[in-house]
Amino acid sequence: MKNLKNNIIKILCGILVSFSFASCDAGGDPEAGGTTTQDFAGDWFINVKVEGVSKFIRFSTYNTSADDNTMFIDDNGLSQTKPTSQLLKAKYSINLSTGNFASDTNTPNLRQTNQTVTITNGKIEKQAGTSKGGHTVDKISFTVEYSNEPGVKYDYVGTKRTGFKEDEY
């Protein structure tokens, strides 16, 4: 009886192990793929001038769920650090071959309730900037007009974040 019990346990363990190996098969080598705007996405250190003071703010650019030629520019709420400046999170369209971008007129500013922005003269240039630590990186520049300050245009210029300590602000 003891041998029969041990044999049954061994068979059940063997079946369990064989099923666990079969369930781990991913079905080959799946390709995760990317997004249409992945070459323009990332974090950026952008120089923002407020009240005569320059400060660098980490912005992010990333694709929309449509995965077409639209992206978001987002200050991650960091424009609220002293001195404070306008908050910005808005959608824009980018030309995937030239890196030029702009938003529609009066695009909703998702960081400021009931406010809109118009982004113009946007450009992401490959290997055209120099980081704080002296590395050659991508450069971003654009102009924003906020609906709560009509006629006032803010110029933003920055470089892509490398992740190296010497390039952090």
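1. Partly exposed here denotes a relative accessible area between the buried limit, under 20%, and the exposed limit, over 50%. R161, at 32%, is therefore partly exposed. The model is a predicted one.

2. Of its 169 residues, 34% count as buried. The exposed surface comes to about 10,300 Å², with 52% supplied by carbon and sulfur atoms.

3. The largest nonpolar core has 22 residues, and L88, F142 and Y156 have the most contacts inside it. Two or more core residues come from each of β1, β2, β3, β4, β7, β8 and β9. Strand β8 gives the largest share, four residues. Leaving aside residues up to four places away in sequence, L88 touches F59, I73, V117, F142 and V144, among others. The contacts of L88 also include D74, D75, N109 and R111.

4. Six salt bridges are counted. In one of them D43 pairs with R58, with the closest N and O atoms 3.9 Å apart. D43 lies in strand β1 and R58 in strand β2, so this bridge ties together parts 15 residues apart in sequence. D43 is partly exposed at 24%, as is R58 at 30%.

5. R161 also forms a salt bridge with D43, at 3.5 Å from N to O. This pair links distant parts of the chain, 118 residues apart: the segment after β9 and strand β1. A salt bridge between E168 and R161 has an N to O distance of 2.9 Å. Through shared partners, D43, R58, R161 and E168 form one network.

Key. Residues numbered from 1 in each chain as written. Predicted model: local features only at pLDDT ≥ 70, side-chain atom pairs only at ≥ 80, totals over all residues. Heavy atoms only, no water. Core = buried A, V, L, I, M, F, W, Y, C linked by side-chain atoms within 4.5 Å. Buried < 20%, exposed > 50% of the residue type's maximum accessible area, 1.4 Å probe, protein only. Contact = heavy atoms within 4.5 Å. Areas by Shrake-Rupley, 256 points an atom, 1.4 Å probe, with all protein chains shown as cover. Salt bridge = Lys/Arg side-chain N within 4 Å of Asp/Glu carboxyl O.
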